[in-house]
Amino acid sequence: MATLSEAYREHPLHLRHIIPLDFSSIQTLPDSHAWFHDHDRDSVPDQNRDHDHNDDGGIPSIPIIDLADPNAMELMGMACENWGAFQLKNHGVSMSDIEEVEKEAKRFFDLPTDQKLKALRSPGGATGYGRARISPFFPKFMWHEGFTIVGSPSSDAKKIWPNDYQTFCDKIEIFQKQMKALAEKLTRMIFNLLEIPEQEKKWVGSTNSNNGAIQLNFYPVCPEPNRAMGLAPHTDTSLFTILHQNQTNGLQIFKEGKGWVHVNPNPNSLIVHTGDFLHIISNARFKCALHRVVVKRTKKRYSVAYFHNPPLDYVISPLVVNDARFRRVSVKEYFGIKAKNFGEALSLISTS
Ligand SMILES: C=C1C[C@]23C[C@H]1CC[C@H]2[C@@]12CCC[C@@](C)(C(=O)O1)[C@H]2[C@@H]3C(=O)O
Ligand SMILES: O=C(O)CCC(=O)C(=O)O
Ligand SMILES: [Fe+2]
């Protein structure tokens, strides 16, 4: 069974795109991290006020869908068509298990820099500590640190806590299992809605568990939040992503005609983003939402994301129509195309 590391091995990153800034020693915004001038008022609105709920002037944000609603499947379809994202309540995942993972994330990111660097992602690797993978595609660095987990986190956790890695691993594993179960349930519902042929669904629920990645995200407090960027605009390389943000908002979704729209934290709910693979499978009927994260002056922010994917050798193609807008591409090949070309990846596999 191929793993994500195999897809990334051929696209090694330079260390400066892996090693984060030592935020604990920084009092002012370095030019390397300054994305905007102070007068760019519209570029990153709102976050200087450090409010957790933004006054958006009534602009509606992504829909909230109740998984227990008999119409949940249709509602998810509509949300994926209009937004490429929704919030999900009654999802069945234990909130206390999510909080435990968040606690572990805090325990990790609060460590001194030299400790965290012990688990630094290797240049051609997929897992461990470091900047976001998309770093090389932007002229400035992001106000962010991440920790990526594929399968068991034990080899990375052992580097940090040689004797006490088990707590971290246990909490991650409990979370991973629940996210996988929820992701499979959502996949079945969405595939039913799209009327995906039976033979294409065989991988869903299969025992090989290499098809999910977990990302712990940390956005430290920032001396000049208006000029910085937490996570640069991107779409996710996934079928879909299930995300939990803590009570500090910051996630924004791009909506044509509206611009950047805040996703306010909603206790007990999870955010679901359509990723590139669902966009391809649905022949672009479902949007893959462009999203970004803004940062704050006085509030740290943590989030946990679960990227749900078919196995790496599965071949993705539009499964719903005859006039396919994308060519066939294996999951592994697409990860490689994305690693090399980022925002151009979808147009590179476009048939038109
Ligand atoms: C399964 C995934 C999805 C990855 C790559 C790999 C593991 C880490 C994920 C993230 C997490 C942070 C944003 C992102 C854009 C990044 O830089 O690393 C994501 C990326 C993607 O969606 O492409
Ligand atoms: O921190 C967030 O809210 C978003 C994180 C994200 O977009 C990602 O991990 O892909
Ligand atoms: Fe994302």
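Is His234 buried or exposed? Select His234 and keep that question in mind. His234 is buried, with a relative accessible area of 10%. Buried means under 20% relative accessible area, exposed means over 50%, and partly exposed lies in between, using a 1.4 Å probe and protein chains only.

**Before you go on**

This is a predicted model, in which local features need pLDDT of at least 70, side-chain atom pairs count only at pLDDT 80 or more, and totals for chains, interfaces and linings use all residues. Residues are numbered from 1 along each chain as its sequence is written, chains are lettered from A and ligands numbered from 1 in the order in which they are written, and side-chain values use heavy atoms, with hydrogens and water left out.

Colour the chain by pLDDT, the predictor's confidence in each residue, from 0 to 100. The chain averages 93, and 93% of the residues score at least 70. For the complex, the predictor gives an ipTM of 0.99 and a pTM of 0.95.

**Stop 1: the iron ion**

Select ligand 3, the iron ion. Then show His234, Asp236 and His291. They coordinate the iron ion through NE2 of His234, OD of Asp236 and NE2 of His291, at 2.1 to 2.2 Å. Donors are N, O and S atoms within 2.8 Å of the metal (3.2 Å for Na, K and Ca); water is not among the atoms, so sites may look incomplete.

Along the sequence, the donor residues follow the spacing H-x1-D-x54-H. His234 lies in strand β6 (residues 231–234) and His291 in strand β11 (residues 291–293), so the pair ties together parts that are 57 residues apart in sequence. Strands (E, at least two residues) and helices (H or I, at least four) are DSSP runs, numbered from the N terminus. Check His291 too: it is buried, with a relative accessible area of 5%.

**Stop 2: strand β7**

Move to Ile242, in strand β7 (residues 240–245). Ile242 is buried, at 0% relative accessibility. Ile242 and Ala2 are 240 residues apart in sequence and 23 Å apart in space, C-alpha to C-alpha.

**Stop 3: helix α3**

Select residues 95–109, which make up helix α3. How far apart in the helix are Lys106 and Glu102? They are 4 residues apart, about one turn of the helix. Their side chains meet in a salt bridge (4.0 Å, N to O). A salt bridge is a side-chain nitrogen of Lys or Arg within 4 Å of a carboxyl oxygen of Asp or Glu. Lys106 is partly exposed, with a relative accessible area of 31%. Glu102 is buried, at 8%.

Next, pick Arg107. Arg107 forms a salt bridge with Asp164, and their closest N and O atoms are 3.6 Å apart. This pair links distant parts of the chain: Arg107 is in helix α3, while Asp164 is in the loop between α5 (154–160) and α6, 57 residues apart. Arg107 is partly exposed at 28%. Asp164 is partly exposed too, at 37%.

The whole structure holds 17 salt bridges.

**Stop 4: helix α6**

Select residues 166–193, helix α6. The expected span of a helix is 1.5 Å times one less than its number of residues. At 1.5 Å a residue, these 28 residues should span 40 Å, and the end C-alpha atoms are 40 Å apart, which agrees. After α6 comes Glu195, whose phi is positive, near 55°.

**Stop 5: two loops**

Most residues other than glycine have a negative phi. Go to Asn268, where phi is near 75°, a positive value. Asn268 sits in the loop between β9 (259–262) and β10 (270–274). Asn268 is partly exposed, with a relative accessible area of 48%.

Then select Ala284. Phi is positive here as well, near 70°. Ala284 lies in the loop between α7 (276–281) and β11.

**Stop 6: one more salt bridge**

Show Glu333 and Arg327. They form a salt bridge, with the closest N and O atoms 3.1 Å apart. Glu333 is partly exposed at 35%, and Arg327 is partly exposed at 34%.
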